[in-house]
Amino acid sequence: MTKSDQRKFLFTLAGVAVCIYTLWPTFQFYALSPAKRQEVLQARPASATNEEERQRLQKMADLRDKSIKLGLDLQGGMSLLLEVDKTKLGPAEAKNAVDQAMQIIRNRIDQFGVAEPSIQKQGDNRILVQLPGLLDQGRAKELIGQTALLEFKLVKSDEEQRAILDRLDKHFALRMGAAATGGATAADSLVRPLTSRFLSVGQAGESFVLSENVAAVEAMIDQVRADSSFVLDGTFAWEAHLTEREGRSGRVFQVLTKDPLMQGKDVQSAQMRLDLDEQRPGAPGVSFTLTSRGGATFADVTGANVGRRLAIVLDSRVQSAPNINERIPRGQGSITGSFTEEEAQNLAIVLRSGALPAPVMIIEERTVDPSLGQDSIQKGLMAGAIGAGAVVLFMLVYYRLSGAVAVMALILNILGLLACMAGFHATLTLPGIAGIVLTIGMAVDANVLVFERIREELRNKKTVLAAIEQGYARAYRTIVDANVTTLLSALALMWFGTGPVRGFAVTLSIGLIINMITAVGVSKMIFDAWSLRRKVNSISI
Amino acid sequence: MLQILHNINVDWMGKRAIAYTISGVCVLISIVSLLVHGGPRYGVDFTGGTLVEVAVIPAPSADNVRHAMDASGIQGAEIQRVPSSGSFLIRMGVGQGGADPAKTVREALQSNLQGSEVKIRSVEGVGPRVGGELRGAAVKAVLLALGLILVYVAIRYDWRYSFGAVAALFHDVFIAFGAVSLTNRELTLTVVAALLTIAGFSINDTIVVFDRIRERKQALRKEAPEKVMNLAVNETLSRTVITSLTVTLTVLALFIFGGEVIHDFSFTMLVGVVFGTYSSVYVASALALDTQLWLERQGKKK
């Protein structure tokens, strides 16, 4: 071996060592039993109660972070793209809205207990939330999407309610024009276009709208809300759930004071409880404690309004509107309604973690069941093994010993590719596996080019050594050209692709770049080492 | 030494009329298929909407699933059975199925197919605006890739060659695109990824042939360009075939064993690889030759 050959050899050896070192955590991680792997996935050192425990969990977390991660399409899970609706915010509020929303969503998810959630900002007003392995999609979506704007508002007195609704009736009757001139003989629906759809109006602090009329009333209310010239001393809100009055199903409709007395940010803590409603023992509800400032306001408000009803409004829906029986001094309160246990739990979580600064919409969702992910892994690996096996077999049969050199280069290529993925914390997706498989098929191309060139040179009666030299020298330019073009299209794909598709572009690009090193450099080195040690008269190619 | 396609001496260029006919017919079939189907069948990635894959045990017929969906008020959902797994793909338009379409589907099937076990395997929900954005991004990516390749080929080679190379690339990508339409597959993000990979692969093959043409042209200045090209194609033929073979082997493995999720991807790749091989021999070199001959004629006229 010459000096330069030795250097190359040591360099390669060092490269392989680095690759194996980088991949070692991945080997360890995937060698674990599924149960143990789950434990490692969920390890959170911050949750440890003592130092020993913390170190143990930290080790697990390190192992997890250093190994190649599986994409949601392979391990199962949910990916949500959220958009923060900033249209109703002022410029100052809009500036931080997305960051605030991210923080609050992170808090909510943390309380939900998902292993390794990922929450990233995308562009100006979007948030990408990825929840691996999560099964209860509906609940997670509810938890994330809920604005959780909690407001306490006084319910207007019956007289006030009736007066406001009366004004609306007149407004609509007037708008209907000619029909209203019919006077007393005109149908009720023309004189009182709005409240004729009500079962009761302003009785005991509420009005009741039958189910079949809810949509129509909602449309009329929306019109009024949209009309900025129509100023009302109050706001409207529906109760969150359908109820029954006089044996008929419908929705409670309330007129509330305009400005909230208190808001969710005054809530210090909240818990789901089953013992809040005396009439319905075991009914889930949420008890909350207010901050000292909120508690003081609460005491004042309840003291001044004994006998009236206080509406607890969540995201513009009245959850409950209990009577104020007495002044409540210590800022303790509860929310009851027809909650399921899960809903009450969610409500407690969102109250604790705070309201979103603006409504958040889910604009893209991708969910994969873990069993489908497992299926994809198995099939992907199977296809990879068979594809790789076929290529290896072909190379060995067709190029014999030289084929073995190419296979060696191929193995180093894949090793390097995987090590790069682990090193860059890239995620392996199913298209990513396809990219690796495709890399296997394309990577041998470089060696095929070289070998065919060597064969040609041999046919032209060159010596073996000259043929090898010429073969590599002449083929190299072509190999670079050919790889660069494929790389260009992979780069375009990386730029526009999302999630799994980007995974494909990443593995294909890394694979091709490493290929230019291994297929040419490493295989040439092996040939050089082999040809220098003996008198070479023939070559197995 | 085991050899295939050694010492062949085919007059490829002389028979290029046949190749043009074959290519023309394939492109025509693609166009007709796209016209008949009213353009590509876009997946939810691009149109917006929701695609739910659901496994039902015991397996009902597609009609039963359709009736169950209709009965729960989701009209006109597209129902498709996945042959390999026996599950169903249910595709709904934007806004259909309410706030949580997966839950709606599960409840619809559970209440209308009594006693069945219903399991949601995957959900893809894309809002209409995101769909539009992804469509825009896909178009941009394709244009970017083609632009970059065009520039690279133009810099590295004679511009007369780049016309042939790019025409071959369009030819391959378009025929693969047509095959997707012909087999009534959906155009999804992964299929676009396959089309871009085909673009890269197609040009890769072409470049190997072009490299050889350039090399031979320097050595054989006096020979007719037709002869030089034949020689180059013949000399690189074994490499072209072997590389295509290894790539085809891996793509075929993906197609057969890779599972339903990447089935459309591997199908598109397979068509692209086959046509990519053929086009680098024929379309690219033949067009490069004809461009050259045409330019020479123009030059003589002056």
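## A strand pairing across two chains

In this predicted model, Thr367 of chain A has Val123(B), in strand E4 of chain B, as its bridge partner.

**Where the chains meet**

- Strand E17 of chain A, residues 360-368, is joined to E4(B) by five bridges, and the two strands run antiparallel.

**How the chains divide into domains**

- Chain A is assigned five domains: domain 1 (3-26 + 369-533), domain 2 (38-67), domain 3 (77-147 + 360-368), domain 4 (157-256) and domain 5 (262-353).
- Within chain A, the centres of domain 1 and domain 5, taken over C-alpha atoms, are separated by 64 Å.
- Chain B is split into domain 1 (13-43 + 130-301) and domain 2 (49-126).
- The C-alpha centres of domain 1 and domain 2 of chain B are 39 Å apart.

**Helices H1 and H3 of chain A**

- Helix H1 (residues 3-31) and helix H3 (residues 51-66) of chain A have axes that come within 8 Å and cross at roughly 110 degrees.
- H1(A) and H3(A) are therefore roughly perpendicular to each other, and their crossing is left-handed.
- From H1(A), the contact uses Pro25(A), Gln28(A) and Phe29(A), while H3(A) brings Leu63(A), Arg64(A) and Lys66(A).
- By class, this contact of H1(A) with H3(A) has three nonpolar, one polar and two charged residues.

**Helices H5 and H11 of chain A**

- The axes of helix H5 (residues 91-112) and helix H11 (residues 341-353) of chain A approach within 9 Å, crossing at roughly 140 degrees.
- H5(A) and H11(A) are therefore oblique to each other, with a right-handed crossing.
- Ile104(A), Asn107(A), Arg108(A) and Gln111(A) of H5(A) make the contact with Ile349(A), Val350(A) and Ser353(A) of H11(A).
- The residues of this contact between H5(A) and H11(A) comprise three nonpolar, three polar and one charged.

Key. Residues are numbered from 1 along each chain as its sequence is written. Chains are lettered from A and ligands numbered from 1 in the order in which they are written. This is a predicted model: local features need pLDDT of at least 70, side-chain atom pairs count only at pLDDT 80 or more; totals for chains, interfaces and linings use all residues. Axes are lines fitted to C-alpha atoms, for helices over the stretch in contact, and angles run from 0 to 180 degrees between N-to-C directions. Helices (H or I, at least four residues) and strands (E, at least two) are DSSP runs, numbered from the N terminus. Angles under 35 degrees count as roughly parallel, over 145 as roughly antiparallel, 65 to 115 as roughly perpendicular and the rest as oblique. A crossing is left-handed if the near helix is turned anticlockwise from the far one by less than a right angle, and right-handed if clockwise. Two residues are in contact if their C-beta atoms, placed from the backbone, lie within 7 Å. Ala, Val, Leu, Ile, Met, Phe, Trp, Tyr, Cys and Pro count as nonpolar, Asp, Glu, Lys and Arg as charged, and the others, Gly among them, as polar. Domain bounds come from an automatic or database domain assignment. Two strands pair if DSSP finds at least two bridges between them.
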